[in-house]
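Hello,

Here is the structure I promised to pass on. My notes follow below it.

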Amino acid sequence: MADPTFAIILAGGRGSRMGGIDKPTLRVGGRRLLDVALEAVSGATRVVVVGPPRDLDPTILQTREEPAGSGPAVAVAAGLAALDAFRSSTGCPHATDGEVAVLAADVPSLTAAALADLSRARRGAAAPAAFALDSTGQMQYLVGVWDMATLRESLAGASGPAMRALIPTDSIGVVLPDEVVADVDTDADLDRARRRAAAPVRLTPPQAAAVLSAELAGLPVVRRRIADALGAGLATGLVAAQPFPSFDASAMDGYAVAGGGPWLVSGDAVAAGSHARSALRTGFAARIATGAMLPTGADRVIRDEEITLDDETHCLTSTFDRDDTRRRGSEWNRGDELIAARTRVDDAVVSVARSAGVAEVDVRGPLRVVVHSTGDEIADDAARAGTIVDTASDAVGNLVRRNGAHVAHGEHLGDRREAFVAALGAPDADVVVLIGATGRGVADHLRDALDDVGARILVDGIDMRPGGSLVVAAVSGGPVIVGLGGNPLAAVAGIALLIPVITDTLLAVQPRPGVLGGVEDLDALARPDGWRMAPVTPTGHGLWRAPHSMPTAHLNALVSARGFALIPPRAHGADLVELYL
Ligand SMILES: Nc1nc2c(c(=O)[nH]1)N[C@H]1C(S)=C(S)[C@@H](COP(=O)(O)OP(=O)(O)OC[C@H]3O[C@@H](n4cnc5c(N)ncnc54)[C@H](O)[C@@H]3O)O[C@H]1N2
Ligand code: MOO
């Protein structure tokens, strides 16, 4: 391990070249600059943050230089004093000084690995301190690791408030990549860092699914009436509240009989849903309907087909020795677990719950999804030159609905960043879907808005056509955000791929195994270097067929299709591929 033992993070100074904003709270790639610094020193025994009081983990020390803004050297001194005070409070104040990282909270891509490199180089050279050098040879005094005793001496002899005044002459510089050590001093630096953080790493569809199932948290558990739970995920197993059947019931239209035959038929017929008016006495039979409760005293039921009835004497005989009674508890008993936790609540689950007398269940979901459209070119009537109508939202919304979610039609957000930010805050949605604006064009505000709300981007592009230009992000305590490529076929293909894994993960249900199928002419459909989502229809002979042309600007290729086939690169012949139906 080459982690510094201690760390001092300077997180004060107003960004004077950035209009006086609180730089450490700026977000790049969804993380606050201060959090980037804290993560880079997460291996340290103790960390002190020097700056205004902030809401931080209580194990992190906080202090402030006096007076505030009196320069980095003063701030470092305050940090060191706080670490020393901590050490004397631990009962081992004489432990050797060790190593301390001294950082500013304005380096958006700083990593623990970079600090470990500095630490290793310093120890290797037995130097008092090591600092990052950028490609121009500029030394970054606030990306450094120090021998703590040296830092103390330097501070004691400091001649001014600038860091430069502290740097020992025999310090070393370690060249680190510019993209790791570049700091943010101006708005242009911030834009550059944000663009870099947003640079797409295109995942394959299976990788994207793995990221989403690992990173998304399940929804909170709520108790719902069974009628309202359709589409949710069972959080606990479904336990029978009553046996099934809950009473001894006839399984056939026939006769309930008491004792051995022959039997005299009494006039007391039992209809389903009624009670026998009197007990059946030995030697008697009563007509009974399927589903009716057995009269007390009855031993069994004999179906109509197996009896002989003398119309004159009302005497009933039978050679049938089986019993057509469905006995109380013969299917299950009260307390039996009928359905495991993590099962999707479908119509069968609702039905079983009702059979078992279960009125309420603990579930996650059902998922609430809102679908917005974006882009100023979308208008209600496309009479104006340069405008088109929305031809994607309904198709996307209905596909999500078919996956069991409750879908609301959102707004048209146009190309206004504020509207995007407002849409991402949705308190009543678990998933916010936006169609369009996933690109990096002039009018594409999705990424800025994601930065504004502090969203963490989980998937930024998938190596798939159409629909690969998509973004999935999570806001802590807020909804999952899905930005779909604006071309309608891209939007539908993207949501078809994502909605199963997002749904299964948020509902915390057992992932469903994929449905596999064979596709005609697979060699021609497969791309050499990437995945394809092809709309498919059944051929009627156990295979699926995709159209040869799949323009993305309209949904013509999807007419009469049952869903999509996800075709891996270079799939061929009789390979089975996954179907998204
Ligand atoms: N320089 C590049 N440009 C584009 C690329 C690329 O890789 N480099 N990819 C293209 C592909 S593929 C897609 S898909 C789109 C994705 O971009 P956006 O998500 O930003 O989508 P928009 O630009 O907003 O819209 C694209 C297209 O779709 C139309 N659209 C949008 N919403 C709707 C709707 N609700 N109903 C009907 N049509 C809609 C919009 O008018 C555009 O024509 O980017 C390509 N460009
Ligand atoms: O990648 Mo776009 O999302 O193909 O149509």
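How do the residues of the shell around ligand 2 divide into nonpolar, polar and charged? Two are nonpolar, four are polar and none is charged.

Some ground rules. This is a predicted model, in which local features need pLDDT of at least 70 and side-chain atom pairs count only at pLDDT 80 or more, while totals for chains, interfaces and linings use all residues. Residues are numbered from 1 along each chain as its sequence is written, chains are lettered from A and ligands numbered from 1 in the order in which they are written, and side-chain values use heavy atoms, with hydrogens and water left out.

Ligand 2

The shell consists of Pro 466, Gly 467, Gly 468, Ser 469, Ala 490 and Thr 552. A residue belongs to a shell if one of its heavy atoms lies within 4 Å of the ligand. Ser 469 places a polar side-chain atom 2.7 Å from an oxygen atom of ligand 2. Gly 467 uses a backbone N or O atom, at 3.0 Å from a ligand oxygen. Gly 468 also uses a backbone N or O atom, at 3.4 Å from an oxygen of the ligand.

Arg 202

Arg 202 is in contact (heavy atoms within 4.5 Å) with Gly 468 and Ser 469, and also with Asp 460, Gly 461, Ile 462 and Asp 463, leaving aside neighbours within four places in sequence. A polar side-chain atom of Arg 202 lies 3.2 Å from the backbone oxygen of Ile 462. Arg 202 and Met 464 are 262 residues apart in sequence, yet their C-alpha atoms are 8.9 Å apart.

Ligand 1

Ligand 1 has 19 residues around it; Glu 377, Asp 390, Ala 437, Thr 438 and Gly 439 come nearest. By class, the shell holds eight nonpolar, eight polar and three charged residues. The side chain of Asp 390 has an N or O atom 2.9 Å from a nitrogen atom of ligand 1. A polar backbone atom of Gly 439 lies 2.8 Å from an oxygen atom of the ligand.

Best wishes

Conventions: Polar contact = N/O pair within 3.5 Å; in protein donor to acceptor, adjacent residues only side chain to side chain. Nonpolar A, V, L, I, M, F, W, Y, C, P; charged D, E, K, R; others polar.
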